[in-house]
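Subject: Structure handover

Hello,

I am passing on the structure we discussed. Please have it open while reading the notes that come after it.

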Amino acid sequence: MSSSDCFSFDVVVVGAGHAGIEAALASARLGARTALLTMSCDTVGQMSCNPAIGGVAKGQIVREIDALGGAMGRLIDATGIQFRMLNVGKGPAMHSPRAQADKRAYQNLAKWTVERQDGLFLRQEQVEDIVVSGDRATGVRVAGGSVYRAAAVILTTGTFLKAVMHTGESRSEGGRAGERASHGLSGALQRLGFELSRFKTGTPARINGRTIDFSRCQVQPGDTTPQPFSFLTDTIDQPQMDCHLTMTTPEVHDIIRENLHRSPMYSGQIESTGPRYCPSIEDKIVRFADRPSHQIFLEPEGRETLEYYCNGISTSLPRDVQERMIHAIPGLEQADIMRFGYAVEYDYAPPVQLHPTMETRRLSGLYFAGQINGTTGYEEAAGQGLMAGINAALKVAGKPDFVLSRSQAYLGVLIDDLVTKGVDEPYRMFTSRAEYRLLLRQDNADRRLTPLGIRLGTVSPERRDRYEAYERELESAFALLSRVRHEGRTLEEWLRRPDVTWNRLQQMVPDLKQHRFSARCIQQMEIEARYAGYIRRQEADIERMSRIEAIRIPEGFDFSGLDQLRIEAREKLGRLRPATVGQASRVSGITPADIAVLIMCLKS
């Protein structure tokens, strides 16, 4: 091979979806010379499915990505067309930001962000193989035979590995409508000894908004005062667009039932597992047979298009059935379908093959992030990409790994769940997965993680300066609350009462009006004062658990030699090889008695 056929980088990222973008940007920000390889430079950051960012628990992840210097929060703030804070009727741990995106504007801004990042080189290439030396990944080979050499390789291949699309009886190769599948990498991974399996996902039809009768739908407006995702965004100034709500009907359900034998999922054409928490409309009709209707959110895909996404009726039924089904929905009787729904089957690598750094156990220097690990969602993918990019750059520089614990971030919960428990269906993040969710709120992501980003070097000087100014403001505010008294109680004690807000305190103590705190600071004061007791209890729980987490399990520890452990425990721990006792305690099927035995053996 001639020298012209070989390119040298520190880190190579394969795939330019949401995981690949964050991985490549993080790696480059940390000083690694990084190549971002994609099958098409025109699809960088493309939203394959729902044109939205955030949601329950997902919004917390976006805030955490932003706190560590990632791009997703700033991208959606600049291109969002509707912003809503979900679960505002519940406690602050449940509040989750969500925004509808201008799909094309988001994609264009993502590509522009990648293009202008120093040290990052975007290339249009079809990656076909992984180059290996001994037990290390040393680069990738692309179509035509050229090699990109690197000390670290990150695979963020999304749904493209040996991907097959299904619409009724019709099937075709591809990981997204109009785009080809990737075949070489699946074979390469299997040759290298990686276990692969199959998942499926799906998408609904898109329709022309000109043909929707919105008078028969319920308007779903955004928040009057939209809240940004990024700490660097002061306000959301762009006008918001309405979404609309309609419902399926018994007639729609009858059409689907009559044609289930033509659905690839029920005909046997698709055998892989799909996402339980985002089922197709066929699944909904079968699993919830007693329900007369299901919600459908009609979501605009941008300001300069009339295309609407039909959120709630993901399907792989044949085109003629989709036509009948959609025309039986109130408001969509005359709807013109621009794109039909379809399902995608694709390869993924069970994530128990990873270390918590996102590096594979089998090959040093090879990292996986995103749907290749069996996850769903742009947010989960972006979070994994960020962590993989950080750790790949740190490895190249000879620096210690960066791993977040379950008590530090939803990102820590996500990755610990993946590498410890694995997946038997596409993984989606929920607040219920986080045992310390009262501490892992969307409002305090910056306080939790930006100091870590400052130490790592992943955040910009502007973010550092803003964060430090915010912390000084909070320090002043909390000092005021503890110092000033009213009727024998400190203001902090007053603020713990559910009926007292900062505005109420100003009425009670007029002198407070001279203290002008930011809205962000006031929100933080109110939450931390009101939930101080609960927060202290969770912090005590974390302290107890940290003692178990701190007990390391030596590399190469022989679980098979622990006769005191049950056979099942020996087998599972030997296969998954947890790094700590805390991680071992979260392996499915491991009991408290097993952990007690393990601790005793480690200490003996």
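This is a predicted model: local features need pLDDT of at least 70, side-chain atom pairs count only at pLDDT 80 or more; totals for chains, interfaces and linings use all residues.

Antiparallel sheet

There is an open sheet of three strands, in the order β4-β6-β5, and the pairing is antiparallel. Its edge strands are β4, residues 52-54, and β5, residues 80-86; each of these pairs on one side only. From one strand to the next the twist averages 15 degrees. Helix α3, covering residues 72-79, packs on this sheet and touches β4, β5 and β6. The direction of α3 makes about 115 degrees with that of β5.

As for the pairing itself, β5 and β6 (residues 96-101) run antiparallel and are joined by six bridges.

Helix α3 against helix α4

Two packed helices are described by the angle between their axes and the distance between the axes. For α3 and α4 (residues 103-115), the angle is about 135 degrees and the axes lie 9 Å apart. α3 is therefore oblique to α4. The crossing of α3 past α4 is right-handed.

On the α3 side, the residues that meet α4 are Met 72, Leu 75, Ile 76, Ala 78 and Thr 79. Their counterparts in α4 are Ala 105, Tyr 106, Leu 109, Ala 110 and Thr 113. By type, the residues of this contact divide into eight nonpolar, two polar and no charged.

Helix α2

Helix α2 spans residues 58-67 and is mostly covered, with ten of its ten residues buried. The buried residues include the charged side chains Lys 58, Arg 63, Glu 64 and Asp 66. Ile 61, Val 62 and Ile 65 are also among the buried residues of α2. Just after α2, Gly 69 has a positive phi of about 95 degrees.

Parallel pair β2 and β3

Strands β2 (residues 11-14) and β3 (residues 34-38) run parallel, and four bridges join them. Val 12 has Ala 35 as its bridge partner in β3.

In a regular strand the side chains alternate between the two faces of the sheet. In β2, Val 11 and Val 13 point one way, while Val 12 and Val 14 point the other way. Which of these valines are buried? All of them: Val 11, Val 12, Val 13 and Val 14.

Regards

Note on methods:
Residues are numbered from 1 along each chain as its sequence is written. Side-chain values use heavy atoms; hydrogens and water are left out. Two strands pair if DSSP finds at least two bridges between them. Helices (H or I, at least four residues) and strands (E, at least two) are DSSP runs, numbered from the N terminus. Axes are lines fitted to C-alpha atoms, for helices over the stretch in contact, and angles run from 0 to 180 degrees between N-to-C directions. Contact means heavy atoms within 4.5 Å. Buried means under 20% relative accessible area, exposed over 50%, partly exposed in between (1.4 Å probe, protein chains only). Angles under 35 degrees count as roughly parallel, over 145 as roughly antiparallel, 65 to 115 as roughly perpendicular and the rest as oblique. A crossing is left-handed if the near helix is turned anticlockwise from the far one by less than a right angle, and right-handed if clockwise.
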